[in-house]
Amino acid sequence: METTRHFVATIYAVHDGAVALHEHDKLEMWLPAGGHLDRDELPHEAALRETEEELGMAVDLVAPQEAITSETVRSIPQPQHFLVEDINVDQNGAVGHQHIDFIFYGHAPTRDIQPGPGEQPAEDWTWFTAAELDACSNEIPADVVEIGQRAIEAVADSHT
């Protein structure tokens with residue numbers, strides 16, 4: 001089986017010590033806002049766009065950015081994590097599809113979620129504190145728990 005790969009971008013949106021997650025309709029797992037990069041879209045732009053569409057809000061990125069520039073080069077916000085995610089795995093363990101995920105953290109201005117047209121409704125979203133993520137670790141994927149907790153800490157540290 002040939003493995004196909006798509007680039008995606010994710011934001012762990014944090015407000016007041018909690019991260020927003022929803023139970024993804026298609027993947028049937030708890031995930032933050034995110035989705036596929038559009039043609040000619042930079043990873044951080046895709047993450048911000050997906051957050052605007054899915055949460056109905058603009059977030060402030062908490063992302064390192066180098067100061068490297070020249071006539072032909074500029075630095076862009078760096079993801080906090082860069083992961084390969086197996087999306088489609090057959091019964092023999094062969095991977096048919098993967099996501100190459102640029103994962104960012106963002107400071108959300110509010111917990112008032114207002115998804116755009118065609119997105120999962122606001123009632124599908126839940127704000128989880130670090131302790132609640134830990135308590136739900138049997139329902140939420142381990143990587144989402146760990147990254148969610150790291151995002152909460154990083155956003156808190158960036159606003160002190």
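**Ground rules.** I number residues from 1 along each chain as its sequence is written, and side-chain values use heavy atoms, with hydrogens and water left out. Because the model is predicted, local features need pLDDT of at least 70 and side-chain atom pairs count only at pLDDT 80 or more, while totals for chains, interfaces and linings use all residues.

**Fold.** I looked up the elements, taken as DSSP runs numbered from the N terminus (helices H or I, at least four residues; strands E, at least two). The protein chain has three helices and eight strands, in the order β-β-β-β-α-β-β-β-β-α-α from the N terminus. I noted that the C-alpha trace spans about 50 × 40 × 30 Å along its principal axes.

**Burial and contacts.** I counted a residue as buried under 20% relative accessible area, exposed over 50% and partly exposed in between (1.4 Å probe, protein chains only). Of the 160 residues, 39% count as buried. For contacts I used heavy atoms within 4.5 Å. Among contacts between residues at least 6 apart in sequence, 65% join residues at least 24 apart.

**Cores.** A nonpolar core here is a set of buried Ala, Val, Leu, Ile, Met, Phe, Trp, Tyr and Cys residues joined through side-chain atoms within 4.5 Å. The largest has 19 residues, and Y12, V19, L21, Y105, F128, L133 and I140 have the most contacts inside it. β1, β2 (18-23), β3 (30-31), β7 and α3 each give two or more residues to this core, and α3 gives the most, with six. I then checked V19: leaving out residues up to four places away in sequence, V19 touches Y12, A13, V14, T126, W127, F128, L133, G148 and I152.

**Pocket.** I worked on a 1 Å grid over the protein atoms alone, where a pocket is an open set of points that fit a 1.4 Å probe, with protein on both sides within 12 Å along at least five of seven lines; lining residues have an atom within 4 Å of a point. The largest pocket has 32 lining residues, and H24, L27, L31, G34 and H99 lie nearest its centre. Among the elements that give two or more residues to this lining are β4 (33-36), α1 (43-55) and β6 (81-89).

**A122.** I found A122 in the loop between β7 and β8 (125-129). A122 is partly exposed, at a relative accessible area of 29%. Beyond its neighbours within four places in sequence, A122 is in contact with I113 and P115.
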